[in-house]
Amino acid sequence: MQTRKKYIFLTFLASWLLLFLFGGDQLRRFSFFSGRKAEARRNWPRWTDRSLLKSFADAEELPRDGDPSLLSPRERRAAWLSVYAQSRCRMETCFDFSRCEKHGFKVFTYPQERGQPVSETYGKILSSLERSRYHTANPEEACLFVLSIDTLDRDHLSGQYVRNVDEKIRSFPLWNGGRNHLIFNLYSGTWPDYAGDLGFDIGQAILAKASFDTASFRPGFDISIPLFSKEHPQRGGDRGWLYQDSVPPRKKYLLVFKGKRYLTGIGSGTRNALHHIHNGKDIISLTTCKHGKDWEKHKDTRCDKDNIDYERFDYQELLHNSTFCIVPRGRRLGSFRFLEALQAACIPVLLSDGWELPFAEAIDWGKAAVVGSERLLLQIPSAVRCIHPERVLAFQQQTQFLWDAYFSSVDKIVHTTLEIIKDRLSPHRSRSRFLWNALPGGLLVLPDFSTHLGDFPFYYLQHGYSPSRKFTAFIRAVSQAGSLSQPILRLIQAVSGSQYCAQIVVLWSCEKPPPPSGKWPQTTVPLTIIQGRRQFSDRFFPFEAIQTDAVLSLDEDTSLSTSEVDFAFSVWRSFPERIVGFPTQSHFWDPEQGRWGYTSRWTNELSIVLTAAAFYHRYYHSLFTEYLPAGLRELVDGLAACEDILMNVLVAAVTKLPPIKVTQRKQHKELAAQHAECRDGAAGTPPPGQRSPSAPHSAPAEVKGTAGSRRFSQRQDCLNQLADWFGYMPLVSSQMRLDPVLFKDQVSVLRKKYPSLER
């Protein structure tokens, strides 16, 4: 027993000796130096190469649990808002929404001061603002203000640099520290660094600037605009270069660049490296040193060869024949090349690190451009080669859409800027990103009308929607209805007999009161009488009484059968974005007169469907009244028989498509009887043959006497004034007419759905 106890004691003693010899140091640290261990833990991590790593935060700066300096989320937000309000404006902190509540979104441009120089480009911007539907001449109504001082060129070496801007704007009583002001700028800074400083304090003003740097851009407040030249058209603009059925499967060049090579200074790094990707075959990268006064002093060994190669290629030819175009930064982040590539359907390959792309708040540039990195230039050729041909075509189509919708004229650039700001004021009624990036574009989709895609005529096919199965007959009456024998009463009976008619609305555009209800025929659909203002543009006002997608616009002297109405409506449901109707006319260019001509002769060519008998979507009433500026509506009210031309021009400008003519009976008779005129003659009845479906069978309006000639001349003047306002002729010609199946075929009448159309 004693021996056993002795062995146990020796074993225990040996274990303690071993523990002390091999683990004693760790045991001492654990038992007696726990405070030092905690200190070591706070100094974590201990990198062996700490001197090679950038220090982002010291240990003392890291937050600790229970630290009284750690702010709560609410306190952090309050502190952030305080800083943001002073230096990083946003709409909630630097914009007075109350100014927009009473009169809506109105824009006031400061009156021009005598002797104040304004560049040609800034003059175009001011003109676009004044032509906008939001413009007001009353500053008390204004929600947004734009200076008359030219702030486009803030390079103090430029001849268009305006000095003492700070002193001038502070003297304006409306300036208010820049609050609710919009400032346009294309060029900022000067040699050598071209910094973004404008040379004056913009305060709390919104800055619409080209070549915007993401570091100074205030998201949700500022707006990045494209850099455009002084030759950029005021309105209209040239169309894109990608025509229908003209897309080759593969262009001659894959990737091209032709431009200046900066030898020194900012922007020289990227352009000096472009020669590395040039292979002389499908990748052409050409630069020249010949620019600036002292280029020869800085030229290098490559300059002479580069200058020779530069002259061998035509820039326009390269744009036409290349799939991708390199758009590197210049002295500033943006360049004219960006818009040139968009128009040419040459997919931009952007090499401008830190550039806030134009209208990026609304436009998805990932569908139209390749955004590269200046540091990865040599990877660009292999990257673009990997893009599938189908995606290349989608890119090209998107460039054409964006060019035409937002960039082809100064008007569109300015109006896009205004619409983005307006959307910020009412986020719940703003355009979605889809609407901005799909045809017909954000400028032509009014969120005040609706934000649901199914309410517009453009998205039925894409999203599986369909227009309503009923229509509203909208009849404009300008004379007294005295008896059932009058054309308007026969028209009501014929239209109400259609299985697709939901209601009939009569716009009474005469000062005399409408006949009592007992004088109107009994119909199976509701009949509503609306008192008009006796103006021609009234017929396209968005009346709340119109509840269906389809509107059948009619004149009181129109003669239609129920079968004609039914067939035309079935055609319209297949083409809800177009005007579908019966009487047609056309336009042409008269080289001798140097102006647009207008004819009512019955030919195979058509570009106008008169709204005397036509179907269209009710959304065009909202576009006509709310999108078009007041000046155009005043033009319509001043010229007789001009409103239907304006509606056709508007729809063609939106859809880029011609109207559709449908079958009509050939037994339409000329209406020789004259209707009773309004007392003051403010809204007389259109002459026979001018608005009824029988017009194409009659003689041209220009040979029907003095009244007919005067009306024809007014319509031709209207057409030319509209072309001048839009900046181009939107009307599209067509030779298509749609007939029912088996129309005029020698088969049994029982097999035909609309046999009465052949009588």
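The chain holds 22 helices and 23 strands, where helices (H or I, at least four residues) and strands (E, at least two) are DSSP runs numbered from the N terminus. This is a predicted model, in which local features need pLDDT of at least 70 and side-chain atom pairs count only at pLDDT 80 or more, while totals for chains, interfaces and linings use all residues. Residues are numbered from 1 along each chain as its sequence is written, and side-chain values use heavy atoms, with hydrogens and water left out.

**Whole chain**

- Of the 759 residues in the chain, 51% are buried, buried meaning under 20% relative accessible area, exposed over 50%, and partly exposed in between (1.4 Å probe, protein chains only).
- Among contacts (heavy atoms within 4.5 Å) with a separation of 6 or more, residues 24 or more positions apart account for 74%.
- The chain exposes about 37,900 Å², of which carbon and sulfur atoms supply 52%; accessible areas come from the Shrake-Rupley method with a 1.4 Å probe, and for residues only the protein chains shown count as cover.

- Leaving aside residues up to four places away in sequence, F184 touches Y122, I125, L129, V146, T151, L152, A208, I225 and T417.

**Helix α17**

- Helix α17 (residues 487–496) is mostly covered, with eight of its ten residues buried, namely P487, I488, L489, L491, I492, A494, V495 and S496.
- These buried residues of α17 pack against the strands β13 (471–477), β14 (501–508) and β16 (550–555) and against helix α18 (562–572).

**Individual sites**

- D306 lies in helix α9 (residues 303–310) and counts as buried because its relative accessibility is 12%.
- Apart from residues up to four places away in sequence, D306 touches R261 and T287.
- L10 belongs to helix α1 (residues 2–32), and its relative accessibility of 44% is why L10 counts as partly exposed.
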